[in-house]
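Subject: Structure handed over, with notes

Dear colleague,

Here is the structure that I promised to pass on to you. Please open it alongside the notes that follow.

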Amino acid sequence: METCIIKSPLGFTKIIGDKDGINSVTVLNSEEKITDIIPVELEDCVIQLNEYFEGTRKQFDLYLNPKGTDFQKKVWDLLEQIPYGKTVSYLGLSKQLGDVKAIRAVANANGKNPFWIIVPCHRVIGSDGSLTGYAGGLHRKQWLLEHESPYKQQSLF
């Protein structure tokens, strides 16, 4: 298993994977030593994350190798279908799964998503439009949604 640490606009990011795919991408809440030489197995992930932050990538094309339950993987598959710049509610995801009562289970699976940004759990919001429940911190969720918004706030001065 290979690991690297990169710096992003939202903090240090840890990527883990091997020849079988990317296992996880997580944002860290502490400073870490940036990896000098990126392992070849992780290079595409690093490149695509940098393109995302530069605003030139809207969709990721990586082989992901997640560890999770069948239910979690179903939720993560639905998350990947949320278009760039769009949001969906936890209730909406539950309805897509065919069980409106599964809203808490959906939220829990969303919170266990091992692929920060790549599987866009930041695009899931409360039914009332509120920014609820984000493992990386609500300030990061807000930043990501603004980054993806087609409507950029311009300065008046």
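To begin with the charges, the protein carries 18 positive and 19 negative charges, and their mean positions lie 9 Å apart. In that count Lys and Arg are positive and Asp and Glu negative, while His and the chain ends are not counted; the place of a charge is NZ of Lys, CZ of Arg, CG of Asp or CD of Glu.

Please keep in mind that this is a predicted model, in which local features need pLDDT of at least 70 and side-chain atom pairs count only at pLDDT 80 or more, whereas totals for chains, interfaces and linings use all residues. Residues are numbered from 1 along each chain as its sequence is written, and side-chain values use heavy atoms, with hydrogens and water left out.

As to the fold, the protein has five helices and five strands, which follow one another from the N terminus as β-β-β-α-α-β-α-α-β-α; helices (H or I, at least four residues) and strands (E, at least two) are DSSP runs, numbered from the N terminus. The radius of gyration is 16 Å, close to the 15 Å that the globule rule gives for 157 residues, so the protein is as compact as a globular protein of that length. That radius is taken over C-alpha atoms, and the rule is 2.2 Å times the number of residues to the power 0.38.

Of the 157 residues, 46% count as buried, meaning under 20% relative accessible area with a 1.4 Å probe, protein chains only. The largest nonpolar core holds 37 residues, of which Ile-15, Leu-49, Leu-79, Trp-116 and Ile-118 touch the most other members; such a core is a set of buried Ala, Val, Leu, Ile, Met, Phe, Trp, Tyr and Cys residues joined through side-chain atoms within 4.5 Å. The largest share of this core, five residues, comes from α1.

Leaving aside residues up to four places away in sequence, Leu-79 touches, among others, Leu-93, Asn-110 and Val-124, where contact means heavy atoms within 4.5 Å.

Finally, Leu-64 sits in the loop between α1 and α2, and it counts as buried, at 16% relative accessibility. With residues up to four places away in sequence again left out, Leu-64 touches Ile-22, Glu-80, Phe-115, Ile-118 and Val-119. From Leu-64 to Asp-99 there are 35 residues in sequence and 26 Å in space, C-alpha to C-alpha.

With best wishes

How values were computed: Buried means under 20% relative accessible area, exposed over 50%, partly exposed in between (1.4 Å probe, protein chains only).
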